Amino acid sequence: CWTDDTLTHGPMVGTPTAAGTPVWVRADATRVVGLRVGDSPDLSGAPIVAWSLPSPLDDFTTTLNAPMAAGQTGYYRVEIDGDTSQPIRPIRGQLPPDTASVRFAYGSCTQYRPSPGFNAVNALDPDLYLFAGDNHYGNVQHVDAHRWHYRRIRRIPERAGLMAVTPTLAIWDDHDFLANNSHGACARRDHALQGFTEYWANPAYGIPNTPGVFFRHREGPMELFALDCRMYRPDVNDPQSFCELDDSPPSLPMASGPVGPEQMQWLLQEVAASDAAFKLIACGSRFTTEGSLDSWAAFPEALATLHEGLHAAQVDGVVFLSGDIHRSRPRLNQRPNGYAIPELT
């Protein structure tokens, strides 16, 4: 019982792709949800471009697609049961590859509290925003509990205001995965993934036979390679890992590191194929070998594999993005071969 409105949460603009721009919403029940898109600021003469009937099986969340071409701009409104009282907001298509510049923003560790920082980000008018993990602090293992925490934190006005107009992506870290320092041997990974996919509108959720929250996305001169650093992370016997273990966890060899062998192979292949000037590789955990075991520090072989793979393919323009530590910090990741890779936390 969040509001008297039929639209309880959202809208959230997802990631523009060649297929269009998704718009995510949550209704209070199974109702007729329409997405109206047009060129005019008042949407005069604009048609409904997509319909949906959100289901209780998805917690009444749904994503509708606006058929926006690359470089196209316009306006949208969500209408539930024909109600036209929702605000009209801007929407855009994917930036063309030859776009000269892109303004990208990201952050992590967004707790349930007033969040004026999102207003400051919104004022900068970014082309894209990435939630880089710890998007709620539920530390829960049941899908209904994940849903509750997503609903709760989506009601923060500053956060909701940014997501309604800025294309938004997300990956997870430990607290919105399952528990503090949680890993792939923890029980109910499928519950966490279901809740996540219901409440975000990423362009993909892993690859065939390897589900997760990892994907790639191109915006102008930048390509983002977002990693799932929890689903396939092995148990390193971290005493600060507070999760119930699965009776039959997947085979996760230690050398695979936080992303697992399939995801590592995917990453190295995809980043080598990219012709973007900047290649941003994002993980909820830090890439440094210093500090906490809840980072790539616990997997030096995997980190070496990543560095060596980037060097072997002569991949330039790489920047690491990370979160987790509740403060901002730039650093350089030195490598035996090749340039030092900047990491922005």
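User: Where does Phe287 sit?

Analyst: Phe287 is in the loop between β15 (278–282) and α7 (300–312). Keep in mind that this is a predicted model.

User: Why is Phe287 called buried?

Analyst: Its relative accessible area is 0%. Buried means under 20%, so Phe287 qualifies. Beyond its neighbours within four places in sequence, Phe287 is in contact with residues including Ile281, Trp296, Leu303, Leu306 and Phe320.

User: What makes Phe287 and Trp296 a stacked pair?

Analyst: Two values do it. The ring centres are 5.3 Å apart, and the limit for a pair is 6.5 Å. The planes are at 20 degrees, and under 30 degrees counts as stacked. So the pair is stacked. Trp296 is buried, as is Phe287.

User: Why are Phe118 and Phe131 called tilted?

Analyst: Their ring centres are 5.8 Å apart, within the 6.5 Å limit, so they pair. Their planes are at 40 degrees. Stacked needs under 30 and edge-to-face over 60, so this pair is tilted. Phe118 belongs to helix α1 (residues 117–123) and Phe131 to strand β9 (residues 128–132), 13 residues apart.

User: How do you know whether Phe118 and Phe131 are buried or exposed?

Analyst: Phe118 has a relative accessible area of 6%, so call it buried. Phe131 is at 0%, so buried applies there too. The structure holds 15 aromatic pairs, and ring pairs link Phe118 and Phe131 into a cluster with others, among them Trp24, Tyr150, Trp172 and Trp200.

User: What makes the charged end of Arg154 count as sitting over the ring of Trp24?

Analyst: The charged end is 4.4 Å from the centre of the Trp24 ring. The distance limit is 6 Å, and the charge must also lie within 35 degrees of the ring normal. Arg154 is listed as sitting over that ring. The charged end of Arg154 also sits over the ring of Trp200, 4.4 Å from its centre.

User: Why is Trp51 called exposed?

Analyst: The relative accessible area of Trp51 is 59%. Trp51 is in strand β4 (residues 48–52), and together with Val32 and Leu53 it makes a nonpolar surface patch of about 350 Å².

User: What makes Arg31 and Asp81 a salt bridge?

Analyst: Their closest N and O atoms are 3.0 Å apart, and the cut-off is 4 Å. Arg31 is in the loop between β2 and β3, and Asp81 is in the loop between β6 (73–80) and β7 (89–92), so the bridge ties together parts that are 50 residues apart in sequence.

User: Why are Arg31 and Asp81 called partly exposed?

Analyst: Partly exposed is what falls between buried, under 20%, and exposed, over 50%. Arg31 is at 24%, so it lands in between. Asp81 has 44%, so it does as well.

User: How do you know that Asp246 and Arg189 form a salt bridge?

Analyst: The closest N and O atoms are 3.3 Å apart, which passes the 4 Å limit. Asp246 is in the loop between β14 (222–226) and α6 (260–273), and Arg189 is in helix α5, 57 residues apart. The two get separate labels: Asp246 has 24% and is partly exposed, while Arg189 has 15% and is buried.

User: Why is Asn209 called exposed while Leu43 is called buried?

Analyst: Asn209 is at 81% relative accessibility, so it counts as exposed. Leu43 has 5%, so it counts as buried.

Note on methods:
Residues numbered from 1 in each chain as written. Predicted model: local features only at pLDDT ≥ 70, side-chain atom pairs only at ≥ 80, totals over all residues. Heavy atoms only, no water. Phe/Tyr/Trp six-rings, centres within 6.5 Å; stacked < 30°, edge-to-face > 60°. Helix = DSSP H or I, 4+ residues; strand = E, 2+ residues; numbered from the N terminus. Buried < 20%, exposed > 50% of the residue type's maximum accessible area, 1.4 Å probe, protein only. Patch = residues over 30% accessible without salt bridge, like charges linked within 9 Å, V, L, I, M, F, W, Y side chains within 5 Å. Areas by Shrake-Rupley, 256 points an atom, 1.4 Å probe, with all protein chains shown as cover. Salt bridge = Lys/Arg side-chain N within 4 Å of Asp/Glu carboxyl O. Contact = heavy atoms within 4.5 Å.
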